[in-house]
Amino acid sequence: MRNDALQRVLVRGPNWIGDAVMCEPAVRALRSLFPRAEITLLVKPAVAELFAGHEAVDHVLVYEFRGKHAGLSGKWELAAMLRRHHFELAILFQNAFEAALLAWLAGVPRRYGYATDGRSLFLSDPVAVPDRLKLTHQVHYYWDLLKPFGLQGEPPAPRLSVTPSEEQAMAGRLASAGLSEDMMLIGVNPGSTYGAAKRWLPERFAETADRLSKFVNREHKRPTGVMVLGAAGEEGLGRNIAERISAPSLVLSGGTTIRELMAATKRCSVILTNDTGPMHIAAAFDVPIVAVFGPTDWRTTSPYGNRHALVRKPVDCAPCLLRECPIDHRCMTGVTVEEVYEAARQQLVITSESRKSENQSIDLKTFRPADLSTPLAGFTVFLDRDGTLNRDTGYVKSAAELELLPGVGEALARLERAGARLIVVTNQSGVARGFFSLRDLEAVHDRLRSELSHHGVALDAIYFCPHHPDDQCRCRKPGTAMIEKAVDEFGLDLGRAYVVGDQPRDIQLARKVGARSILVTTGPTSDNAMAVLRAEGSMPDHAAGSLNEAAEWILNDAAGKQHSAVSDQAGSEAARPGQVISPILKADR
């Protein structure tokens with residue numbers, strides 16, 4: 001069935017506000033994929049409000065799961081109502097079994113979605129679920145579902161809108177509470193319907209907001225107010241925080257519709273938040289965010305876009321994804337007021353400077369402040385594979401032959417907890433020589449990822465060159481094409497990069513791209529490598545006897561750079577939208 005022949009498309013949206021925001025770029029893309037179709041969105045009431053008037057949606061059907069659509073009879077009624085619309089295609093962004101069953105009961109001939117929750121029987125077009133080891137942001141998860149329809153490129157940042165009348169109504173409500181239009185508003189979103197484990201301490205939210213309001217008054221000479229946001233049931237939490245703040249404040253917890261929450265969020269100059277739905281709403285309005293992450297995975301659900309800072313305490317038990325902490329909540333209690341305050345202060349400084357710098361060549365709006373709780377935030381470590389991560393046996397021809405070197409998992413876990421991106425760049429001429437196939441190489445890399453996952457490590461990417469040395473390609477190290485592709489994919493700053501390897505070509509590559517270099521003497525020809533480099537007069541910045549020693553040196557070397565990484569307004573650490581974490585990538589496949 002051709003895309004442009006479709007007339008009626010049903011879209012089952014996610015149930016949760018945050019997920020729905022992260023799905024918005026994919027929903028927006030539907031208009032270009034199905035230009036002649038009426039697009040109908042089926043969602044729960046809160047998400048229906050979120051998408052009211054959305055440019056890509058013609059109709060919104062409300063799934064009243066607690067009302068007339070509750071129970072078996074309610075599901076039959078909903079299916080019958082859907083059947084009357086004669087949909088030709090159902091796209092199921094919502095992963096539950098029920099979503100596929102309803103589309104089947106509604107008689108939709110093509111039912112398209114991820115093959116989750118045992119629902120493949122009810123899908124005409126089941127799509128394989130992405131490998132969980134290949135961590136990908138939720139925005140990409142939804143976006144990639146549409147690629148078989150011809151969707152190309154990278155997803156844009158989520159985007160939401162409110163009407164002028166909604167903005168005016170919220171402005172009037174704020175003014176009546178003493179928060180005038182000339183005030184700079186600090187938003188505080190201290191709750192979480194997911195569970196208490198995601199909540200930073202309320203007294204620390206209050207202290208941070210209070211210090212931030214005093215900073216604005218002192219440095220920007222502007223009156224400041226604090227707006228506390230939250231869901232029903234969080235009113236007491238909101239009042240607790242407001243009572244501790246000296247600046248004028250308004251508690252909106254439990255007192256807004258979704259549309260009002262959107263209008264209030266848009267009005268903020270910065271948002272202090274846990275990992276919740278309102279965090280993603282703020283990102284969709286391009287409001288600067290300081291998000292405290294604990295038990296949830298920042299690599300998959302962080303606010304998508306450039307105007308945010310993450311603050312987290314890297315502990316061994318996080319991310320655990322638990323609703324309640326069974327021990328001492330160390331992932332949250334370890335995050336200090338100073339860290340969150342400094343991140344928020346930087347956000348306000350950047351926002352202020354960007355307004356003064358419209359004619360400068362540097363776009364300060366794309367600056368992403370470093371994760372202030374992690375000394376390697378914004379840094380990238382490029383890693384050779386054979387002889388650096390695993391034993392170099394000449395050619396690793398199968399997954400069974402791969403054996404990690406001692407201490408590699410622990411060293412990489414330490415770098416990752418410190419906030420570094422970890423990217424493998426490896427020459428694999430065995431493909432061109434016929435020693436193993438691309439499928440064999442993929443299996444080796446799957447084994448590598450699996451072995452590292454036991455240590456809590458998830459590589460950001462693996463790039464490889466499959467060419468023969470005589471091919472004179474640009475990707476074979478010390479050629480720079482693999483690094484260039486990483487820079488393009490991730491928006492990296494090579495001034496904050498390290499190349500670690502056991503061969504002269506790794507050190508030569510580092511010099512070509514302007515990165516720091518570490519030679520690890522763990523490969524079978526390491527002594528010869530050092531002699532070659534000495535003869536060339538191109539010694540590495542450091543030589544290490546193990547990857548653990550290399551990690552220690554990187555941490556110490558980066559320590560002096562991190563302060564400037566935070567304060568430099570032109571910092572190029574910013575990832576392109578969506579590149580918080582990326583699936584494994586392959587060069588020159």
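**Structural briefing: cavity, pocket, sheets and backbone**

Helix H4 provides the largest share of the lining of the second largest cavity, namely three residues. The model described here is predicted. Its protein chain contains 19 helices and 18 strands. A compact globule of 589 residues would have a radius of gyration near 25 Å, and the protein chain, with 26 Å, agrees with that expectation. The C-alpha trace of the protein chain spans about 75 × 65 × 50 Å along its principal axes.

**Cavities**

- Rolling a probe the size of a water molecule over the atoms shows where empty space is left.
- Two cavities of 30 Å³ or more are present in the structure, and the second largest cavity has a volume of about 50 Å³.
- The lining of the second largest cavity consists of Leu10, Arg12, Leu42, Leu82, Ala90, Leu92, Ala99, Leu102 and Ala103.
- Three elements supply at least two residues each to the lining of the second largest cavity: strand E1 (8–12), strand E4 (89–92) and helix H4 (97–105).
- By class, the lining of the second largest cavity comprises eight nonpolar residues, no polar residue and one charged residue.

**Second largest pocket**

- At least two lining residues of the second largest pocket come from each of helix H11 (298–301), helix H14 (408–417) and helix H15 (438–453).
- The lining of the second largest pocket divides into 14 nonpolar, five polar and nine charged residues.

**Open sheet E9-E8-E7-E10-E11-E12**

- Strands of a sheet pair through backbone hydrogen bonds, either parallel or antiparallel.
- Six strands, in the order E9-E8-E7-E10-E11-E12, make up an open sheet with parallel pairing.
- Strand E9 (249–251) and strand E12 are the edge strands; each has a single partner strand, so one side of each is left without a neighbour in the sheet.
- From one strand to the next, the twist of this sheet averages 15°.
- Strand E8 (residues 224–228) pairs with E9 over three bridges in the parallel sense, and valine 226 stands opposite serine 249 in E9.
- Helix H7 (residues 202–220) packs on the sheet and touches strand E7 (184–189), E8 and strand E10 (270–274); the direction of H7 makes about 170° with that of E7.
- Helix H10 lies across E7, E10 and E11, and runs at about 150° to E11.

- Strand E17 (residues 516–520) runs parallel to E18 and is joined to E18 by three bridges; leucine 519 stands opposite alanine 543 in E18.

**Backbone geometry in loops**

- Most residues other than glycine have a negative phi, and most peptide bonds are trans.
- The peptide bond from alanine 318 to proline 319 is cis, with omega near 0°. Proline 319 is placed in the loop between strand E12 (308–312) and helix H12 (330–333).
- Proline 478 is located in the loop between E15 and helix H16 (481–490).
- Aspartate 286 is not a glycine, yet has a positive phi of about 60°. Aspartate 286 belongs to the loop between helix H10 (277–284) and strand E11 (289–293).

Terms used: Residues are numbered from 1 along each chain as its sequence is written. This is a predicted model: local features need pLDDT of at least 70, side-chain atom pairs count only at pLDDT 80 or more; totals for chains, interfaces and linings use all residues. Side-chain values use heavy atoms; hydrogens and water are left out. Two strands pair if DSSP finds at least two bridges between them. Helices (H or I, at least four residues) and strands (E, at least two) are DSSP runs, numbered from the N terminus. On a 1 Å grid over the protein atoms alone, a cavity is a set of points where a 1.4 Å probe fits but cannot get out, and a pocket is an open set with protein on both sides within 12 Å along at least five of seven lines; lining residues have an atom within 4 Å of a point. Grid points are joined across faces, edges and corners, and a volume is the space filled by probe spheres set on the points. Ala, Val, Leu, Ile, Met, Phe, Trp, Tyr, Cys and Pro count as nonpolar, Asp, Glu, Lys and Arg as charged, and the others, Gly among them, as polar. The radius of gyration is taken over C-alpha atoms; the globule rule is 2.2 Å times the number of residues to the power 0.38. Axes are lines fitted to C-alpha atoms, for helices over the stretch in contact, and angles run from 0 to 180 degrees between N-to-C directions. Contact means heavy atoms within 4.5 Å.
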